[in-house]
Amino acid sequence: MILVTGGAGFIGSNLVMHLIESSETVLNLDKLTYAGNLHNLASVDSGRHIFVEGDIGNHELVSRLLAQHRPRAVLNLAAESHVDRSIRDPESFIQTNIVGTFRLLSASQAYWADLPSDQKSAFRFLHVSTDEVYGSLGAEDAPFSESTPYAPNSPYAASKAAADHLVRSFFQTYGLPVLTTNCSNNYGPYQFPEKLIPLVIHNALVGETIPIYGDGKNIRDWLYVTDHCAAIERVLAGGRLGETYNIGGASEKANIEIVELICGILDEERARRDGKSYKEQIIFVRDRPGHDRRYAIDASKIRDDLGWEPKESFTTGLRKTVNWYLRNQGWVRNVTTGAYRDWIAVQYDREGAQGPHSRRRLGDTSLPADQSSVETAPANL
Ligand code: NAD
Ligand code: DAU
């Protein structure tokens, strides 16, 4: 039995499916925020999956679950994960990512301390973190390694950094057998369409504008989600206690490049009725405040020590992802309701809301980057 927190989210649900395929039984604790979606797990073998709706910050609940199910590991993926939301409303990030992780650590430590010695030495607390804790790289800088100093720039990144420090402290102070992974940007099936890749696919298909922040030249290092799941499994099995492992796809891409690639794939797979390219829908909008310029991961430690390497190339992974979204429009429709719609209205200045991201079209330099303007979507479909 493994306790996965946040197992109804994007990476969490992919991980739950991955672990179940590896014959594990999973106890899945998820608060089912706007980002949690049990439909993601509709295909899993129910004999190997126990779902509990609840908060990692609920010490009593977590303690009871640990005592009752006696897992051999806790994999902590529960988090508020969207940088833009953390800029607008950081409070929930502090609550879940910092306080929640602290309470989960504390309940796990109490459970672990009372285990019989063989189970005690086998137990692991694996904390899933992000490369964003390292801050921003310049164009010529070496990629982030495990010894890069922390320099978080958004409330999200700061909350994850704080959590990482708490995890470290539970190892140093109490000897809790912890492992931390710091991963780059994931993409793939079941990613909530507030994040760049699924948002672009969704907006393109519904005939909306495709918003690119700033000049579109910010760089991220992309990793297909199942490669991340395999890396987590590898660290759980062989990682050295108290250590951190960077995970990345060795696939640095500028945002504009990715958006154009997605538009190109959609042009081939689901051409617009008017024969024009989806690229026509691209607009440049006001930049994200504190927008990190570049992330890149040096994944040589996990490769050399644990033999992990990504299997998916960005070219194959992106096509797979676009095709998944094309085949699963029902899933997308299911999530593009309620809270998600409200968020889009606030963030992208629709329906008269005063969002930070005013919009301008590709190549249009007439509008200053911070000037609010509401544009109607192109009537292309
Ligand atoms: P996500 O937002 O898709 O999912 C988060 C899940 O956590 C949701 O199911 C949500 O309901 C649940 N959750 C939120 N608060 C909770 C709480 N208090 N108690 C229990 N459950 C709670 O996020 P994701 O993209 O799948 O990311 C998962 C983890 O991986 C996060 O810790 C994130 O920081 C980290 N990470 C993500 C990426 C990425 O590119 N998405 C990259 C590196 C690291
Ligand atoms: O690096 C790992 C991190 O990757 C994770 O820790 C986070 O949980 C995850 O959300 C992701 O953070 P990013 O901020 O990098 O991802 P996002 O998809 O929000 O944005 C990717 C890039 O695209 C970033 O440079 C901002 C830009 N962007 C994003 C959106 C949503 C746009 O240009 N337009 C958009 O509408």
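Asn 97 is buried, with a relative accessible area of 2%; buried means under 20%, exposed over 50% and partly exposed in between, using a 1.4 Å probe and protein chains only. The model is predicted, so local features need pLDDT of at least 70 and side-chain atom pairs count only at pLDDT 80 or more, while totals for chains, interfaces and linings use all residues. Residues are numbered from 1 along each chain as its sequence is written, chains are lettered from A and ligands numbered from 1 in the order in which they are written, and side-chain values use heavy atoms, with hydrogens and water left out.

**Asn 97 and its surroundings**

- Asn 97 belongs to helix 4, residues 91–113; helices (H or I, at least four residues) and strands (E, at least two) are DSSP runs, numbered from the N terminus.
- Apart from neighbours within four places in sequence, Asn 97 is in contact with Ala 79, Glu 80, Ser 92, Tyr 156, Ser 159, Lys 160 and Ala 163, where contact means heavy atoms within 4.5 Å.

**Helix 2 against helix 4**

- The axes of helix 2 (residues 59–69) and helix 4 come within 9 Å and cross at roughly 35°; axes are lines fitted to C-alpha atoms, for helices over the stretch in contact, and angles run from 0 to 180 degrees between N-to-C directions.
- The crossing of helix 2 and helix 4 is right-handed, a term used if the near helix is turned clockwise from the far one by less than a right angle, with left-handed for anticlockwise.
- On the helix 2 side, His 59, Val 62, Ser 63, Leu 66 and Ala 67 take part, and they meet Arg 103, Leu 104, Ser 106, Ala 107, Ser 108 and Tyr 111 of helix 4.
- By class, this contact has 6 nonpolar, 4 polar and 1 charged residues; Ala, Val, Leu, Ile, Met, Phe, Trp, Tyr, Cys and Pro count as nonpolar, Asp, Glu, Lys and Arg as charged, and the others, Gly among them, as polar.

**Ligand 1**

- Ligand 1 is surrounded by 28 residues, and the closest are Ile 11, Asp 30, Ser 81, Tyr 156 and Lys 160; a residue is near a molecule or strand if one of its heavy atoms lies within 4 Å of it.
- An oxygen atom of ligand 1 lies 2.7 Å from a backbone N or O atom of Ile 11.
- A polar backbone atom of Lys 31 is 3.0 Å from a nitrogen atom of ligand 1.
- Leu 32 has a backbone N or O atom 3.4 Å from an oxygen atom of ligand 1.

**Ligand 2**

- Around ligand 2 there are 24 residues, the closest being Asp 131, Tyr 156, Arg 288, His 291 and Tyr 348.
- The side chain of Thr 130 has an N or O atom 2.7 Å from an oxygen atom of ligand 2.
- An oxygen atom of ligand 2 lies 2.8 Å from a polar side-chain atom of Glu 132.
- Pro 211 has a polar backbone atom 2.9 Å from a nitrogen atom of ligand 2.
- Tyr 348 lies in the loop between helix 13 (338–347) and strand 14 (359–361), and counts as buried at 4% relative accessibility.
- The C-alpha atoms of Tyr 348 and Val 285 are separated by 8.7 Å, and these residues are 63 apart along the chain.

**Positive phi in loops**

- Ser 23 is not a glycine, yet has a positive phi of about 70°.
- Ser 23 sits in the loop between helix 1 (10–21) and strand 2 (26–30) and is exposed, with a relative accessible area of 52%.
- Leu 32, also not a glycine, has a positive phi of about 55°.
- Leu 32 is in the loop between strand 2 and strand 3 (49–53) and is partly exposed at 26%.

Terms used. A polar contact is a pair of N or O atoms within 3.5 Å; within protein, one must be able to donate a hydrogen and the other to accept it, and residues adjacent in sequence count only if both atoms are side-chain atoms.
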